Amino acid sequence: EMVARLGGDEFVALTTGPGTDRTVDELAERIMNALVTPISIDGRDLLVRGSLGIVEGPAGERTAAEVLRSADITMYRAKSAGGNRSELADPEADARAITRHGLTTALPTALERGEFFIEYQPLVHLGDGSVRGAEALVRWLHPQHGVLGPDRFIPLAEHTGLIVPLGRWVLEESIRQARAWRVRHGGQDAGPLRINVNLSPCQLSHPGLVQDTVDILERAGVTPDALCLEVTESALIGADDDLLKPLRRLAEMGVDIALDDFGTGYSNLANLRRLPVSVLKLDRSFTQGMQQFPADPVDLKIVEGIVTLAHSLDLAVTVEGVETGAQAEQLRVLGCDTAQGWYYARPGPPERLHDLALADAKG
Ligand code: C2E
Ligand code: CA
Ligand code: CA
């Protein structure tokens, strides 16, 4: 009945009347079929693909703007599911998209207003049980939604580029914290407490990374060996030398580079020697295999193999997600160097780390 072009490559088709629940499907099929035939330009056949969002329901239940928004969200769902398909509107998916959108637009002001904070989770030496440092894990204290975990907003920040200033803030704040621990907790036998900070792929390719890091360390009066940057394996897969250069520079300065979530991606072992990493962080999935008793023998063999290989390449091995004493003991026997997980402590405020480290020193 009506077809309109909203702008760019977006169109809206409206059909009304009884039985639209059937007619919309037919309409969608007709549109998709119309696009199937390649368009010939200058003797070349060009394929056109379409993504459709279908909203169907009684007229007057929602305003025109609400219907259009739902159609738009649903169309983007079809697109991100691979495109060349149609999807049916779903109130829950709409609500999620609207929340995501709201969070995305609120991110810049949240950073300005200081709504982010960092929790620290201790890294424990498996040999003697002493606290060696902590991983910085960012959270967002949202005025309406309460505390949000990084999984809720890091992907959004990566998408919009806000991850660069946010990541810089995390680095600055946690290095300041590392400095405070050093001051209060100097003269520990095992050396000063170290800080692990996560880096997103976009931060890796940002030209300011090395200089920013150097400046932040210098301003805080913290030596580079107190810092470990965690980069996921998938971010470095197929990385060319240009991408690795900043990491190499940092590694040469004495910053440790850890390969995070190791074992979840391709785990290209041959690639390891090319990367400027000094620590492997074994993903939680391996530790999970050790939760039952007896532990999964295949998991044990895999971990043993990775540890042997890592050590022969001069890499230290950290394990994540240790939840029981039995797991910790198992991982110690397998030769892992450092562990992290709820068994030792959940992520928490910085004072807690200080107390834990102090308890070690006394014990
Ligand atoms: P990750 O680097 O793998 O961090 C470890 C995650 O495992 C954390 O989740 C931690 O709370 C959780 N965890 C620790 N011990 C245990 C355990 O024993 N059992 C279980 N089940 N879970 C455990 P969190 O804090 O939700 O962080 C999720 C991810 O968000 C992190 O995964 C990291 O990739 C990302 N992230 C956190 N902070 C930052 C940041 O400042 N920048 C960037 N780029 N990413 C960050
Ligand atoms: Ca990490
Ligand atoms: Ca991890």
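## Buried Residues and the Example of L209

A residue counts as buried when its relative accessible area is under 20%. In this predicted model, L209 has a relative accessibility of 8% and is therefore buried. L209 belongs to helix 7. Apart from residues within four places in sequence, the contacts of L209 are L199, Q203, L204, P246 and L250.

L209 and P58 are 151 residues apart along the chain, and their C-alpha atoms are separated by 54 Å.

## The Chain as a Whole

The protein chain contains 13 helices and 15 strands. Its C-alpha atoms fill a box of roughly 80 × 45 × 45 Å, taken along the principal axes. Of the 363 residues in the chain, 39% are buried.

Contacts can also be described by how far apart the partners lie in the sequence. Among contacts between residues at least 6 apart in sequence, 62% join residues that are at least 24 apart.

## The Nonpolar Cores

In soluble globular proteins, nonpolar side chains tend to be buried together. In this model, the largest nonpolar core has 77 residues. The residues with the most contacts inside this core are F153, I175, I195, L227, L229 and V303. Which helix gives the most to this core? Helix 5 does, with 8 residues.

When neighbours within four places in sequence are left aside, I175 is in contact with I195, I216, L217, A220, V222 and L227. A second, separate core has 5 residues, including V24, M32, L52 and I54.

## Helix 5 against Helix 7

Helix 5 comprises residues 163-184, and helix 7 comprises residues 209-220. The two helices pack at an angle of about 30°, with their axes 9 Å apart. Angles under 35 degrees count as roughly parallel, so helix 5 is roughly parallel to helix 7. Helix 5 passes helix 7 in a right-handed crossing.

Which residues of the two helices meet? On the side of helix 5 they are R168, L171, E172, I175 and R179; on the side of helix 7 they are D212, T213, I216, L217, R219 and A220. By class, this contact between helix 5 and helix 7 has 5 nonpolar, 1 polar and 5 charged residues.

## Helix 7 against Helix 9

Helix 7 also packs with helix 9, which comprises residues 241-253. The axes of helix 7 and helix 9 come within 9 Å and cross at roughly 25°. Helix 7 and helix 9 are therefore roughly parallel to each other.

In this contact, L209, V210, T213 and V214 of helix 7 meet P246, R249, L250 and M253 of helix 9. By class, the contact of helix 7 with helix 9 has 6 nonpolar, 1 polar and 1 charged residues.

Not counting residues up to four places away in sequence, L217 touches I175, V222, T223, P224, L227 and V255.

## T308 in Helix 11

T308 lies in helix 11, which comprises residues 297-312. The relative accessible area of T308 is 52%, and a residue over 50% counts as exposed, so T308 is exposed. T308 and G335 are 27 residues apart in sequence, and the distance between their C-alpha atoms is 8.0 Å.

## Two Residues with Positive Phi

Where does N84 lie? N84 is in the loop between helix 2 (64-80) and strand 6 (85-88). N84 has a positive phi of about 55°, although it is not a glycine. With a relative accessible area of 42%, N84 is partly exposed.

D314 is found in the loop between helix 11 and strand 14 (316-319). Phi of D314 is near 65°, which is a positive value in a residue other than glycine. D314 has a relative accessible area of 71% and is exposed.

Key
Residues numbered from 1 in each chain as written. Chains lettered and ligands numbered in written order. Predicted model: local features only at pLDDT ≥ 70, side-chain atom pairs only at ≥ 80, totals over all residues. Heavy atoms only, no water. Axes fitted to C-alpha atoms, helices over the stretch in contact; angles between N-to-C directions. Helix = DSSP H or I, 4+ residues; strand = E, 2+ residues; numbered from the N terminus. Parallel < 35°, antiparallel > 145°, perpendicular 65-115°, else oblique. Left-handed = near helix turned anticlockwise from the far one by under 90°. Contact = heavy atoms within 4.5 Å. Nonpolar A, V, L, I, M, F, W, Y, C, P; charged D, E, K, R; others polar. Core = buried A, V, L, I, M, F, W, Y, C linked by side-chain atoms within 4.5 Å. Buried < 20%, exposed > 50% of the residue type's maximum accessible area, 1.4 Å probe, protein only.
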